[in-house]
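Please look over the sequence and the structure, then read the points below, which are grouped by topic.

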Amino acid sequence: MKLRRACHGALLAALLSGCIHAGAPLAAHAPPGDRPVSLDAYDRGLLSTEIYRETNRVRRANGFAPLRRLPELDEAADEQAMHMAMTLVAEHSNPIPGELTVADRVARTGLRMKKVEENAIMLPARPLPGSPQCDYTYAGLASSIVQSWMDSPGHRLNLLDPDVTSIGCSARLAHELAADQRVFAIQVFLLPK
């Protein structure tokens with residue numbers, strides 16, 4: 001009886017502290033992408049991985065070969081995502097010497113390129129007011145990011161380019177905007193030389 005009361009007390013304390021949400025299933029084996037995006041404990045690596053997965057899902061659905069993820073391209077993508085999150089501007093240029101263009105950023109990694117392309121975007125880190133969902137999961141946010149690129153003709157061409165074989169992804173959260181947090185995401189596509 002004492003053990004049962006102790007368990008009930010611990011469960012009640014967890015519920016009251018917000019550690020467990022009543023009605024939410026406790027999925028011990030849920031895929032990492034199903035985790036809600038936490039703005040306090042944001043996982044940049046997980047969102048980047050989910051963008052990579054969603055990109056390949058979309059490529060396969062459109063009849064194109066999946067891309068191979070390269071850590072060097074992730075590094076080049078992250079340099080630009082970090083710049084965008086600091087300046088709060090989604091752009092392809094960067095004022096840092098040696099990082100001015102996507103080609104510069106890829107060259108710094110030591111990769112040789114025959115063709116290189118880049119997609120950049122800024123999106124709210126939370127669904128817009130009036131949306132049926134309260135928060136994104138990492139997979140859901142990645143899906144919104146990739147869909148936004150697919151809805152833009154130039155970004156769509158890069159994402160579905162049949163010539164490129166490799167990809168790098170990164171997504172940084174802009175912490176400076178407390179009430180209106182944004183995610184700045186980058187994809188770098190490569191056909192090696």
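An open sheet is formed by 4 strands in the order β1-β3-β4-β2, with mixed pairing. Its edge strands are β1 and β2 (113-124), each of which pairs on one side only. The model is a predicted one. The chain has 193 residues, and 39% of them count as buried.

**Overall layout**

- The chain contains 6 helices and 4 strands.
- Along the sequence, these elements follow the pattern α-α-β-α-α-β-α-α-β-β.
- Of the contacts between residues at least 6 apart in sequence, 70% join residues at least 24 apart.
- The accessible surface of the chain is about 10,800 Å², and carbon and sulfur atoms account for 59% of that surface.

**Strand pairing in the sheet**

- As a general point, the strands of a sheet pair through backbone hydrogen bonds, in either a parallel or an antiparallel way.
- β1 and β3 run parallel and are joined by 2 bridges.
- β3 and β4 pair in the antiparallel sense, over 9 bridges.
- Serine 166 in β3 has arginine 68 opposite it, and serine 166 also stands opposite leucine 190 in β4.
- Isoleucine 167 has phenylalanine 189 in β4 as its bridge partner.
- β3 is mostly covered, with 8 of its 9 residues buried.

**Helix α2: length and ends**

- Helix α2 covers residues 44-61, which makes 18 residues.
- The N-terminal end of α2 is capped by aspartate 43, which has a side-chain oxygen 3.3 Å from the backbone nitrogen of glycine 45.
- Just after α2 comes glycine 63, with a positive phi of about 85°.

- The buried residues of α2 include Leu46, Leu47, Ile51, Tyr52 and Val58.
- Also buried in α2 are Ser48, Glu50, Glu54, Asn56 and Arg59, among others.
- Helices that cover the buried residues of α2 include α5 (138-150) and α6 (153-159).
- Strands in that cover include β1 (68-69), β3 (166-174) and β4 (182-192).

**A closer look at threonine 55**

- Threonine 55 lies in helix α2.
- Why does threonine 55 count as buried? The relative accessible area of threonine 55 is 1%, and a residue counts as buried because that value is under 20%.
- Which residues is threonine 55 in contact with, leaving aside its neighbours within four places in sequence? They are Val146, Leu159, Ile167 and Gln187.

**Confidence of the prediction**

- The mean pLDDT of the chain is 82, and 77% of its residues reach 70 or more.
- Among the elements of the chain, β1 has the highest mean pLDDT, at 98, while helix α1 (residues 2-17) has the lowest, at 35.
- Residues 1-28 have a pLDDT below 50, and in the model this stretch has 7 contacts beyond near neighbours in sequence.

How values were computed. Residues are numbered from 1 along each chain as its sequence is written. This is a predicted model: local features need pLDDT of at least 70, side-chain atom pairs count only at pLDDT 80 or more; totals for chains, interfaces and linings use all residues. Side-chain values use heavy atoms; hydrogens and water are left out. The expected span of a helix is 1.5 Å times one less than its number of residues. Buried means under 20% relative accessible area, exposed over 50%, partly exposed in between (1.4 Å probe, protein chains only). Contact means heavy atoms within 4.5 Å. A polar contact is a pair of N or O atoms within 3.5 Å; within protein, one must be able to donate a hydrogen and the other to accept it, and residues adjacent in sequence count only if both atoms are side-chain atoms. pLDDT is the predictor's confidence in each residue, from 0 to 100. Accessible areas come from the Shrake-Rupley method with a 1.4 Å probe; for residues, only the protein chains shown count as cover. Two strands pair if DSSP finds at least two bridges between them.
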